[in-house]
Amino acid sequence: MDIPLPDLDRHLVAQFQETTRSARRVIVGTHLNPDGDALGSALAVSHYLDALEVENEVVVHNGPPYNLKFLPGSDRIRHQSQWDDHDLAIVLDLDSLDRLGKVRETFESVPRMILIDHHIPHHEPGDLRIVDPTSPATALLLAELFLAFEHPISPAMATCLLTGIVTDTGSFRFRNTTPDSLAIAATLLKLGGDISLVSEEVYQKRPLAATRLMGFALENLQLSPDGRVCWSVLRLEDFDRLGASEEHTEGIVSELMAIDTVQIAALIREPKQDRVRASLRSRAGIDVASAAREFGGGGHKNAAGCTFMDESIDQVEQKLVQRLRQCLES
Ligand SMILES: [Mn+2]
């Protein structure tokens, strides 16, 4: 089969191969509130370890959200480890161990750690780091890694990896879509990845509460006087009234961003008492990751997020919108 040649560092590839092959018991993890890239990557690694007959478990703070339950192997995701003698941890799609949430300590107690990620390096955890912030998805890096040492990619793995690539490139619509992402996706399709299943489950199906929440958020959106910053606020009582939860906010911020005058969009929400989260988006040339980092969050230049503890949603709204307007000036 004609496959694109990945240009990963050969030394790293060999080390990854060696470290995983000689592992006895592995814990695989990713960030809290996991998205398609996070879970697709974690499950692909779990399928890979299965093929090597290496004992492994996938341990994640929470999830999977409703639209990722279709992922092959999603039923194996645990919120707590069943073992305490792992010899290897593999963490995916995260730039700081804080992002592991409540399972962080379990991962930190493991003697060796491999990190595979595409975020802008932050705390740089891990003994073996395969990090490329120019890659559109962790799943793409992972697919390139498997292809580089010709590990057979099963249809289940291919579907997991495709999910990561499809979701992090917004179905190949975002600016981060590279020739490689399309070429590797094509390879994954040839290997049995089911892209129509991914599209249908991720984008074309949602609970009624999610649609109602989106309706409310769009109806109540706010715009800066110049029309360039758009935001919407979802309060605890809105979630309660509509029977919705955090996972139902998926896709709302992109709709805010789609308004033609808008350069920066934010969805500010309070899914739980004393916790306010914000998702930020921006058009090319405008960096919102720096603003997110200032508030203890992170992400990519045009898609980032942050969480505020013990601050009122009104305070957060005020200071965040003010900071976002500054992003337009830089
Ligand atoms: Mn990602």
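This is a predicted model: local features need pLDDT of at least 70, side-chain atom pairs count only at pLDDT 80 or more; totals for chains, interfaces and linings use all residues.

Numbering starts from 1 along each chain as its sequence is written.

**Domains.** Color 10-203 as domain 1 and 209-329 as domain 2; these bounds come from an automatic or database domain assignment. Their C-alpha centres sit 27 Å apart. Across the boundary, 9 residues of domain 1 are in contact with 7 residues of domain 2 (contact: C-beta atoms, placed from the backbone, within 7 Å).

**Sheet.** Next, show the strands (DSSP runs of E, at least two residues; helices are H or I, at least four; both numbered from the N terminus). Six of them make an open, parallel sheet ordered S3-S2-S1-S4-S5-S6, where strands pair if DSSP finds at least two bridges between them. At the edges you'll find S3 (77-78) and S6 (128-131), each pairing on one side only. Zoom in on Val59: its bridge partner in S3 is Arg78.

**Leu256.** Is Leu256 buried or exposed? Leu256 is buried because 23 other C-beta atoms lie within 10 Å (buried takes 20 or more, exposed 12 or fewer, partly exposed in between, with C-beta atoms placed from the backbone). Finally, show its neighbors: among the residues Leu256 touches are Leu221, Trp231 and Val262. Cys230 is 26 residues away in sequence but 6.4 Å away in space, C-alpha to C-alpha.

Definitions and conventions. Two residues are in contact if their C-beta atoms, placed from the backbone, lie within 7 Å. Lists of a residue's contacts leave out its neighbours within four places in sequence.
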